[in-house]
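This report sets out selected features of one protein structure.

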Amino acid sequence: KAWVPKKMVDPIMENVTLEPELEEALANASDAELCDIAAILGMHTLMSNQQYYEALASSTIVNKQGLNSVIQSTQYKPVPDEEPNATDVEETLLRMKRNDPDLVEVNLNNIRNIPVPTLKSYASALVENTEVERFSIVGTRSNDPVAFALADMLKVNTTLKSLNVESNFITGTGILALIESLQFNTTLLELKIDNQPLNEQQCRTFRSERDPANCSPLITLLNGIFFKNGMFTVESHCNTSESPPTPPPPPPPCPNNYDQ
């Protein structure tokens, strides 16, 4: 029996009646405008994700190429690496020892090859320095011996206003030494010690030695010294007849994971 192909039946097109304004707008719409409308209606394969979401939030045509556009990945601009810290460690230390009046800020951030004795020498130089107001050693791999040297310096220094030791290897013992030294310091306004390798036991030490009923994110450590989100903010006051600032109210009880 001879094979006879079936006759193709044209589908019946449903007549859709739109409002006259829409009929006129669609009749005069370009391919780019139709593509943009289709993307808004959910046919997101006609655009990249970025174009699709821009079409939802924009009142202008995002896809300028129409239905024949080729979807390509978004080309992002490369972000260059941060330039290395150009501070001369030895020269800056000598200037600090000479009490250079032009040296107000010392930034040793992210210089990772500074020996521990050199960092301790910086702390020793700050003991007699009367010019440096801001000292920062973020990401220098400083440890507890450096923290102890800085703590001894804070007990006698009367010029430094900001000390930043974030992102180092200072344990709870070194942090406690820094905090204890603030009892003898009335000029430091900012002490940043966030991002240190504290374990749960050391966090318990902070709570038990300072205030057993309170813990982070807000602990009243000493008179006028508050801890929030890894930053100690020192609100110092002079020894005058004025009363010291009132500490904030205690925080809610510690979360359960600290008590287990």
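## Salt bridges

Arg134 and Glu105 form a salt bridge in which the closest N and O atoms are 3.4 Å apart. Arg134 belongs to strand β2 and Glu105 to strand β1, so the pair ties together parts that are 29 residues apart in sequence. Arg134 is partly exposed, with a relative accessible area of 36%, and Glu105 also counts as partly exposed, at 45% relative accessibility. The structure is a predicted model, and every value in this report is to be read accordingly.

The count of salt bridges comes to three. One of them joins the side chains of Asp100 and Arg95, with an N to O distance of 2.8 Å. Another brings together the side chains of Lys192 and Glu190, at 3.8 Å from N to O. Lys192 counts as partly exposed at 21% relative accessibility; Glu190 is likewise partly exposed, with a relative accessible area of 27%.

## The chain as a whole

The protein chain contains nine helices and seven strands. Of its 260 residues, 35% count as buried. The accessible surface of the chain comes to about 17,300 Å², and 53% of that surface belongs to carbon and sulfur atoms. Among contacts between residues at least 6 apart in sequence, 71% join residues at least 24 apart.

## The loop between α4 and β1

Asp100 lies in the loop that runs between α4 (89-97) and β1 (105-107). Is Asp100 buried or exposed? With a relative accessible area of 17%, Asp100 is buried, because buried means under 20%.

The side chain of Asp100 takes part in two polar interactions described here. A polar contact of 2.8 Å joins it to the side chain of Arg95, and it also reaches the backbone nitrogen of Asp102 at 3.0 Å. When residues up to four places away in sequence are not counted, Asp100 touches Arg95 and Glu131.

Pro101 is found in the loop between α4 and β1 as well. At 54% relative accessibility, Pro101 counts as exposed, whereas Asp100 counts as buried. The C-alpha atoms of Pro101 and Thr130 are separated by 8.4 Å, although these residues are 29 apart along the chain.

## Helix α5 and its cover

Which residues of helix α5 (residues 116-128) are buried? They are Thr118, Leu119, Tyr122, Ala123, Ala125 and Leu126. Seen down the helix axis, these buried residues fall within an arc of 160°, so they line one face of α5. On the other side of the helix, Pro117 and Glu128 are exposed.

The cover over the buried residues of α5 includes α4, β1, β2 (134-136) and α6 (144-154). The strands named in this cover, β1 and β2, hold Glu105 and Arg134 respectively.

## The largest nonpolar core

The largest nonpolar core has 34 residues, of which Met96, Phe135, Leu150, Leu163 and Leu178 touch the most other members. The elements that give two or more residues to this core are α4, α5, α6 and α7 (172-181). Helix α6 supplies the largest share, seven residues.

Which residues does Leu150 contact, leaving aside its neighbours within four places in sequence? Leu150 is in contact with Ala123, Phe135, Ile137, Leu163, Val165 and Leu178.

## Asn185 in the loop between α7 and β4

Asn185 lies in the loop between α7 and β4 (190-192). Asn185 is buried, with a relative accessible area of 6%.

Two backbone atoms are close enough to be listed for the side chain of Asn185. A polar atom of this side chain lies 3.3 Å from the backbone oxygen of Asn157, and the side chain reaches the backbone nitrogen of Leu188 at 2.8 Å. Leaving aside neighbours within four places in sequence, Asn185 is in contact with Leu154 and Asn157.

Note on methods: Residues are numbered from 1 along each chain as its sequence is written. This is a predicted model: local features need pLDDT of at least 70, side-chain atom pairs count only at pLDDT 80 or more; totals for chains, interfaces and linings use all residues. Side-chain values use heavy atoms; hydrogens and water are left out. Helices (H or I, at least four residues) and strands (E, at least two) are DSSP runs, numbered from the N terminus. Buried means under 20% relative accessible area, exposed over 50%, partly exposed in between (1.4 Å probe, protein chains only). A polar contact is a pair of N or O atoms within 3.5 Å; within protein, one must be able to donate a hydrogen and the other to accept it, and residues adjacent in sequence count only if both atoms are side-chain atoms. Contact means heavy atoms within 4.5 Å. The arc is that of the directions from the helix axis to the C-beta atoms. A nonpolar core is a set of buried Ala, Val, Leu, Ile, Met, Phe, Trp, Tyr and Cys residues joined through side-chain atoms within 4.5 Å. A salt bridge is a side-chain nitrogen of Lys or Arg within 4 Å of a carboxyl oxygen of Asp or Glu. Accessible areas come from the Shrake-Rupley method with a 1.4 Å probe; for residues, only the protein chains shown count as cover.
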